[in-house]
Amino acid sequence: MRLLNVQVVLDWENGMLHHGLPTNVFEDFDDKTATYAILSHRWEDEVNYDEMTGLIKTNEYYGNEVRQRTGYKKIIKSCKQAVQDGHRCIWIDTCCIDRRSSSELSEAINSMYRWYRKSQTCYVYLHDVEDTVFPTRQDFHRFDNASGWPEWFSHGWTLQELIAPKQIKFFNKNWVFIGDKEGLAMMLEKITRIPFDVLKEGHIPRRLCTAEIMSWAADRMTTRVEDRAYSLLGLFGVNMPILYGEGEKAFQRLQVEIIRVSGNLSIFAWNPKGQFHQLW
């Protein structure tokens with residue numbers, strides 16, 4: 001598991017590091033023993049792994065260009081919050097995965113639910129929330145790109161990022177703290193249809209059928225069609241190879257794997273409207 005060293009990042013930002021000196025922005029850890037914060041967000045103008053590692057090695061022009069991006073500012077704000085909360089490292093999906101490596105990407109996607117689950121704190125950045133309080137009602141005027149709620153709640157990947165972490169802190173677009181998962185559990189249930197006890201406990205009870213879990217993802221969207229399946233792997237406790245380009249076959253493979261692992265056929269009772277009925 002590759003983590004950002006938050007102090008190195010902040011030292012670079014504050015001009016305390018010099019070009020050419022051996023400095024590790026990233027550190028590799030065993031995810032069984034690592035302690036870290038983690039970020040959950042919607043992608044914008046992001047900074048990737050190669051760009052992050054190159055920051056302290058490249059010329060000033062390149063560094064300034066990267067530092068102007070929204071994604072870089074998120075990294076800095078996340079690192080500052082991590083330091084404030086006493087964390088030495090943070091995991092951010094945009095820059096902690098070298099997506100040029102298909103094997104590394106596959107490992108990360110299959111491990112992501114576990115990584116969010118094992119984090120000490122998850123920071124949820126709501127880029128379209130300007131108020132200093134968490135939204136309490138649907139507002140299609142303010143959140144016109146989603147279902148009347150912040151866009152984060154309509155994204156496929158953020159479903160597992162809401163359920164898995166034990167502790168979540170929500171921040172608005174200016175990085176003002178607006179609530180935590182425990183205190184907002186009832187409101188989160190209203191927004192997502194995820195039962196209160198699942199949100200409070202951070203795990204999915206065996207009593208819940210596959211169709212009900214699948215219904216939580218019904219209204220969520222992903223940029224790539226395959227990610228509708230890949231983003232659900234951790235929720236169902238299954239693993240499978242990541243094959244971008246397979247299209248809808250990814251979801252078919254997911255269904256087969258869920259049945260193979262759990263034997264639960266209720267997945268066939270699910271429909272795209274987020275409703276399900278008993279098969280017998």
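Predicted model: local features only at pLDDT ≥ 70, side-chain atom pairs only at ≥ 80, totals over all residues.

Residues are numbered from 1 along each chain as its sequence is written, and side-chain values use heavy atoms, with hydrogens and water left out.

The protein chain has 13 helices and seven strands. Both are DSSP runs numbered from the N terminus, helices being H or I of at least four residues and strands E of at least two. Of the 280 residues, 55% count as buried; buried is under 20% relative accessible area, exposed is over 50%, and partly exposed is in between, with a 1.4 Å probe and protein chains only. Among contacts (heavy atoms within 4.5 Å) with a separation of 6 or more, 65% come from residues 24 or more positions apart.

Now the sheet. In what order do the seven strands lie? The order is S2-S1-S4-S3-S5-S6-S7, in an open sheet with mixed pairing. Two strands pair if DSSP finds at least two bridges between them. The edges are S2 (26-28) and S7 (177-180), each pairing on one side only. From one strand to the next, the twist averages 35°. Axes here are lines fitted to C-alpha atoms, for helices over the stretch in contact, and angles run from 0 to 180 degrees between N-to-C directions.

S1 (residues 2-5) and S2 run antiparallel and are joined by three bridges; Leu4 has Phe26 in S2 as its bridge partner. S3 runs parallel to S4, with two bridges, and parallel to S5, with four. Ile38 is bridged to Trp91 in S4, and Leu39 to Tyr123 in S5. Ala37 and Leu39 point one way from S3, Ile38 and Ser40 the other way, and all are buried.

H6 (residues 102-118) lies across S1, S3, S4 and S5, at about 105° to S3.

The largest nonpolar core has 86 residues, of which Leu4, Met52, Trp91, Phe134 and Phe170 touch the most other members. A nonpolar core is a set of buried Ala, Val, Leu, Ile, Met, Phe, Trp, Tyr and Cys residues joined through side-chain atoms within 4.5 Å. H6 supplies the largest share of this core, seven residues. Beyond four places in sequence, the contacts of Met52 include Leu4, Phe26, Tyr72 and Cys95.

H6 also gives the most to the lining of the largest pocket, three residues. That pocket has a volume of about 370 Å³. Of its 17 lining residues, Trp43, Arg99, Trp157, Asp227 and Tyr244 are the closest to its centre. A pocket is an open set of points on a 1 Å grid over the protein atoms alone, where a 1.4 Å probe fits, with protein on both sides within 12 Å along at least five of seven lines; lining residues have an atom within 4 Å of a point. Points are joined across faces, edges and corners, and the volume is the space filled by probe spheres set on them.

Last, Leu162, in helix H7 (residues 158-163). Leu162 counts as buried because its relative accessibility is 0%. Leaving out residues up to four places away, Leu162 touches several residues, including Trp152, Phe170, Lys181 and Leu199. Leu162 and Ser40 are 122 residues apart in sequence but 8.6 Å apart in space, C-alpha to C-alpha.
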